[in-house]
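Subject: Handing over the structure

Hi,

Here is the structure I promised to pass on to you. Have a look at it first, and then read on for what turned up in it.

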Number of protein chains: 2
Amino acid sequence: MAGGGKKKEVKKETGLGLSFRKDDNFGEWYSEVVVNGEMIEYYDISGCYILRPWAMSIWETMQTFFDAEIKKMRIKNCYFPLFVSSSVLEKEKDHVEGFAPEVAWVTKSGKSDLEIPIAIRPTSETVMYPYFSKWIRGHRDLPLKLNQWCNVVRWEFSNPTPFIRSREFLWQEGHTAFATKAEADEEVLQILELYRRIYEEFLAIPVIKGKKSEMEKFAGGLYTTSVEAFIPNTGRGIQGATSHCLGQNFAKMFEINFENEKGEKGMVWQNSWAYSTRTIGVMVMVHGDDKGLVLPPKIASVQVIVVPVPYKDADTRGIFDACADTVDALSKSGICAEADFRENYSPGWKYSHWEMKGVPLRIEIGPKDLANNQVRVVRRDNGAKVDISRVSLVEQVKDLLDIVQQSLFNTAKEKRDACVQVVKTWDEFKEALSQRKMILAPWCDEEEVEKDVKERTKGEMGAAKSLCSPFDQPELPEGTKCFASGKPAKKWTYWGRSY
Amino acid sequence: MAGGGKKKEVKKETGLGLSFRKDDNFGEWYSEVVVNGEMIEYYDISGCYILRPWAMSIWETMQTFFDAEIKKMRIKNCYFPLFVSSSVLEKEKDHVEGFAPEVAWVTKSGKSDLEIPIAIRPTSETVMYPYFSKWIRGHRDLPLKLNQWCNVVRWEFSNPTPFIRSREFLWQEGHTAFATKAEADEEVLQILELYRRIYEEFLAIPVIKGKKSEMEKFAGGLYTTSVEAFIPNTGRGIQGATSHCLGQNFAKMFEINFENEKGEKGMVWQNSWAYSTRTIGVMVMVHGDDKGLVLPPKIASVQVIVVPVPYKDADTRGIFDACADTVDALSKSGICAEADFRENYSPGWKYSHWEMKGVPLRIEIGPKDLANNQVRVVRRDNGAKVDISRVSLVEQVKDLLDIVQQSLFNTAKEKRDACVQVVKTWDEFKEALSQRKMILAPWCDEEEVEKDVKERTKGEMGAAKSLCSPFDQPELPEGTKCFASGKPAKKWTYWGRSY
């Protein structure tokens, strides 16, 4: 990565570049990179952000994948209203307690006061389930599997951050109902696997699949599974997406009953699951560097940017034609390629511009390249340069995109793995926490103990909490004690500070 | 159309069927058909409706088409916040006056009052344009062409109707800025043509392209073009979608300036354009009949429903296999086909069920069909039955779907055309209005005269207004007088009551 000195120089010259370095001031770096990379524009209402096309296209790519996968599972899209009446919102007590402080209320239309204030959905369990109750009568109405792509509003006051914590965000929310717990359990994991694939296969970010503690599970649900990512720079875990089994709690409150084949009455088993535009923020945090965004090829709307590098006395027309031909050849084989033919910008300015935007590969074509019937390819992730014959262009660019995708994942995984620390005692835990580690510790799995850990780690940086108990459990030898309580440990659990 | 007597009988027997006839009580028929057809569920907040998968899939089909078309035009998707501060909302006076009475206001979060009330977008001109001002500096930043798919809220009190007039609805809104009026003018019409295609090619509904009067144009814009549909049963026109040229009014208020190639300052020319889930309501109103929905094949998520018709002593297994094979063959060739294998429902019940849902073709397979290696195909639109050899199944079903699509359009056009009445005098106009016609009249194009027409036609049914001046103008002989004012007529204009 280039040093800060060089960056500032570039900035002075061209107005490009970042004024903060990722390792020096992560928070400011992040705010700057999402704006300068043209993903986000700050909005005049705090905690709300504009998603510019550069970010929106990433969301759409993930959406296309996920939507096709859930359609294969016979989950159907629908759209429920943005608004929910207070009486319905408050029906499931634990649930509403989890969301109540963040609910935005509409109280007026035009100049008139509404008769009753109306809430904006923070999530749609209570919006949807009265109708599940209406639609589900017998076993033939099951399973009921719905999804919607929509906006939700949580009026948080702490630390708004683009993508990561915003007052309005985009997500999908799936809501399903089954006759049996076994079916619900199975779907929870099928969906979680899709979330893993979004992170690992598309965003090139390693995640850990696991189960949330009782304290951290979804308000009103039975159990919560999640994919957990980690941001090495801040030493914080981040919940990537969640797939909840709601059990029968909501079914009870909303009277979602059915008659089975034998004519017996039963209550449905329900799931809900969601991932949001937060995914994009995690991707920026993990891959971005001091030159700007670094986009994995699979989610980049421009995978290859072609820049002509003319010299005074050279065949400019030939160079421009070669650039156009290159874009043409790549586009025809399904690679998203564009050329930057803008006048009045130097090649150097263009390099910086497209580096800031994180385009995975840059192709430069100058007089020498033209003469040799080759192009120069520069990787955004590591700056490596390679000359490619135009004869084997498409094939080699395809390979390179695959390599960059895999390499981003591998690098992120190495960095993440280097942050994982196994501890067995409270002292080791404290030490690892001060080093901003993602801590794997044997735990007794008692809610009181987690509360105690939170209490004992309070401070400026925020308290530690459990992130998840990974499905992939290391061996837990008989007699292993809980790192925090000294009681017999029941499982390995990841702990740390988190977003 | 089957008579009401038969309908009621079916309803008694099976719980299916409609209790209202389209020609007898259109309003009740419509409410019933969208619910029984499983498109809509009424919601506990008035004016808000649940879009069920049967409706949502239609929206998605149109979205896929339109999104691909605007991407070809290099229009990019983005997402701006749901919320807008009052100071920004009120910046363009004419515009805000058009929307102010319908704006929903958030005044509380959790239990706290917000410092300043925040509006929910009724449309996003004022949300977006402060940022257009920021992003557009020079001619190289133009054109700026953005679109978003989102929900908007207009807290209307009059006569909420599913799809047609709801307090929250889904739409796309395009917002573009150009250096010249000529570019803006051109795009207005390109988009309008896409809207025409949505109505005519997908929804099989004839529309008239034209320009809105000064009274009916978009608040704050320069001129508005629209596609206008007509509902024969109610004799009301309905604005199908609008493509506005905003001129430079918003550019002035929001200071959206740029420097051209010569270094001169200029203001941008802007457009905005939108179509909404209203499209689905128009489709239901135009094609639906006394048996339920009638879906054009191009937007039906199930185009062919296959129903086994077993007899006691027949080869039931063979029939079921033939149904499965049929679905398989059709699916493989890209036709959306499903079989209804449910037990405990008679074939007759299934026929009614899928007729209610409007599936374009029903295939019945009974013992005789099996023996003859054929299937019986029944058209939803006209009930026509035809036996098809399984040898040429796919080909013939494809042809039939095309025929049904075209036939729905032709029938709708014949009915619409029969409602168009050319008038030249006020007396003829009054007479045609009382006959619920779509009236084409020569007009002086004066705002005062339109106000006067409204005033003079006030009444229980609602006043008449101008629908549009069609681009396709009949000849207007020299000396033709305005139907309402007697002044010289400037153009032919459609008039009528409207939604």
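This is a predicted model: local features need pLDDT of at least 70, side-chain atom pairs count only at pLDDT 80 or more; totals for chains, interfaces and linings use all residues.

Before the interface, one term: buried area is the accessible area, taken with a 1.4 Å probe, that two parts lose on being put together, summed over both.

**How the chains meet**

The contact joins 56 residues of chain A to 56 residues of chain B. On the chain A side, the residues that lose the most area to chain B are Y43(A), Y79(A) and F83(A); together they account for 13% of what that side buries.

**A helix pair in each chain**

Two packed helices are described by the angle between their axes and the distance between the axes. In chain A, helix α2 (residues 26–36) packs against helix α9 (residues 278–287) at an angle of about 115°, and their axes are 11 Å apart. The crossing of α2(A) and α9(A) is right-handed. From α2(A), the contact uses F26(A), W29(A), Y30(A), V33(A) and V34(A), while α9(A) brings G281(A), V284(A) and M285(A). Sorted by class, the contact of α2(A) with α9(A) has seven nonpolar residues, one polar residue and no charged ones.

Over in chain B, the axes of α2 (residues 26–36) and α9 (residues 278–287) come within 11 Å and cross at roughly 115°. The crossing of α2(B) and α9(B) is right-handed as well. Among the residues that meet there are W29(B) and Y30(B) from α2(B) and M285(B) from α9(B).

Strands of a sheet pair through backbone hydrogen bonds, either parallel or antiparallel. Chain A has an open sheet of five strands in the order β16-β15-β17-β18-β19, and its pairing is mixed. The edges are β16 (337–339) and β19 (385–389) of chain A, each of which pairs on one side only. From one strand to the next, the twist averages 25°. Inside this sheet, β15 (residues 304–308) and β17 (residues 361–365) of chain A pair in the parallel sense over five bridges, with P308(A) standing opposite I365(A) in β17(A).

Which helix lies across these strands? That is α10 (residues 316–332) of chain A, which lies across β15, β16, β17 and β18 (374–379) and runs at about 170° to β15(A).

Chain B also has a five-stranded open sheet, in the order β16-β15-β17-β18-β19 and with mixed pairing. There, β15 (residues 304–308) and β16(B) pair in the parallel sense over three bridges, and V306(B) stands opposite A339(B) in β16(B). Helix α10 (residues 316–332) of chain B runs at about 170° to β15(B).

Enjoy exploring it!

Best wishes

Key:
Residues are numbered from 1 along each chain as its sequence is written. Chains are lettered from A and ligands numbered from 1 in the order in which they are written. Side-chain values use heavy atoms; hydrogens and water are left out. Axes are lines fitted to C-alpha atoms, for helices over the stretch in contact, and angles run from 0 to 180 degrees between N-to-C directions. Helices (H or I, at least four residues) and strands (E, at least two) are DSSP runs, numbered from the N terminus. A crossing is left-handed if the near helix is turned anticlockwise from the far one by less than a right angle, and right-handed if clockwise. Contact means heavy atoms within 4.5 Å. Two strands pair if DSSP finds at least two bridges between them. Ala, Val, Leu, Ile, Met, Phe, Trp, Tyr, Cys and Pro count as nonpolar, Asp, Glu, Lys and Arg as charged, and the others, Gly among them, as polar.
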